[in-house]
Amino acid sequence: MYFPLSSGANVFTFQLGLNALLSLYFIKIKKKNFLYIIAFWFYLFILVLADYRLILSFTIIFSFVYWLSFKTFVIFFKRYWYIISLSIIGFIFVFYNTNLFDSIKRPAERTGDVISRIDIWGHALEILVSDFKLIFGHGLNGLENSLEEGLKSRFEEQSLQTSHNFIIQNIIDFGLVGIVVILFYVFKLINMLIKIKSEIVTIMIVMFLLIGTTESIPTFYSFEATIFVIAIISVILVIHERKTTRYNQNINSVT
């Protein structure tokens with residue numbers, strides 16, 4: 001199995017962001033939390049050094065949300081999740097296609113020497129509508145294998161193999177049929193989150209899903225990060241199963 005992003009900087013920095021949130025969780029619940037405070041700031045420091053602005057921004061925002069007003073955020077996210085996702089995509093479009101943020105762009109981004117996410121999404125959408133493979137997908141590495149040779153060379157020069165979007169990448173790989181199945185289980189997972197009422201697990205999953213609008217996470221191209229989320233999902237399933245079992249036992253004892 002080919003995992004082209006298994007060693008990518010975006011995958012590793014994403015894991016650093018999740019580790020920072022976990023450190024914040026232990027800061028809140030532990031009395032002797034000095035080591036966790038050091039760990040939290042260490043992860044933020046590494047993200048700054050890595051110069052990965054998106055993951056750093058997500059980590060800081062979700063850290064404030066978790067520390068200050070998590071319940072308000074959950075209510076807001078459940079009501080406006082689609083607006084939040086579209087806003088992130090809209091910001092990225094403005095970032096790469098205007099001069100408003102030149103002061104924080106990297107040199108190659110200002111000169112247009114790199115393929116931006118907007119360009120990648122455009123090429124990916126062209127592949128999606130080019131034939132009937134939209135229904136069942138192109139298979140793994142569908143984006144890379146479907147590019148024209150000249151464009152494929154540019155992607156390889158910049159170590160790009162995916163569409164940098166969880167939804168688009170899975171449609172390319174597995175088609176509309178595959179993404180329907182995947183989203184079905186995503187919504188099942190969200191329903192479980194609502195029932196178990198775990199703040200830290202919920203906020204990590206929400207951060208995971210929002211980052212998926214700008215990265216191909218979780219997919220077969222982000223092995224370590226996908227394993228990380230599988231571990232979180234396993235925790236959710238165990239907690240949900242225990243609560244369901246306890247509820248059924250209470251019902252049986254009453255009857």
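Predicted model: local features only at pLDDT ≥ 70, side-chain atom pairs only at ≥ 80, totals over all residues.
Two packed helices are described by the angle between their axes and the distance between the axes. Here the pair is helix 3, residues 53-68, and helix 10, residues 199-211. Their axes come within 11 Å and cross at roughly 150 degrees. Angles over 145 degrees count as roughly antiparallel, so helix 3 is roughly antiparallel to helix 10. The crossing of these two helices is right-handed.

On the side of helix 3, the residues in contact are Ile55, Phe58, Thr59, Phe62, Val65 and Tyr66. They meet Glu199, Ile200, Ile203, Val206, Met207, Leu210 and Ile211 of helix 10. Sorted by kind, the residues of this contact comprise 11 nonpolar, one polar and one charged.

Most residues other than glycine have a negative phi. Asn141 has a positive value, near 65 degrees, and is not a glycine. His164 is not a glycine either, yet its phi is positive, at about 55 degrees.

| Residue | Phi | Loop | Relative accessible area |
|---|---|---|---|
| His164 | about 55 degrees | between helix 8 (149-157) and helix 9 (166-196) | 11% |

Buried means under 20% relative accessible area.

Methods: Residues numbered from 1 in each chain as written. Heavy atoms only, no water. Axes fitted to C-alpha atoms, helices over the stretch in contact; angles between N-to-C directions. Helix = DSSP H or I, 4+ residues; strand = E, 2+ residues; numbered from the N terminus. Parallel < 35°, antiparallel > 145°, perpendicular 65-115°, else oblique. Left-handed = near helix turned anticlockwise from the far one by under 90°. Contact = heavy atoms within 4.5 Å. Nonpolar A, V, L, I, M, F, W, Y, C, P; charged D, E, K, R; others polar. Buried < 20%, exposed > 50% of the residue type's maximum accessible area, 1.4 Å probe, protein only.
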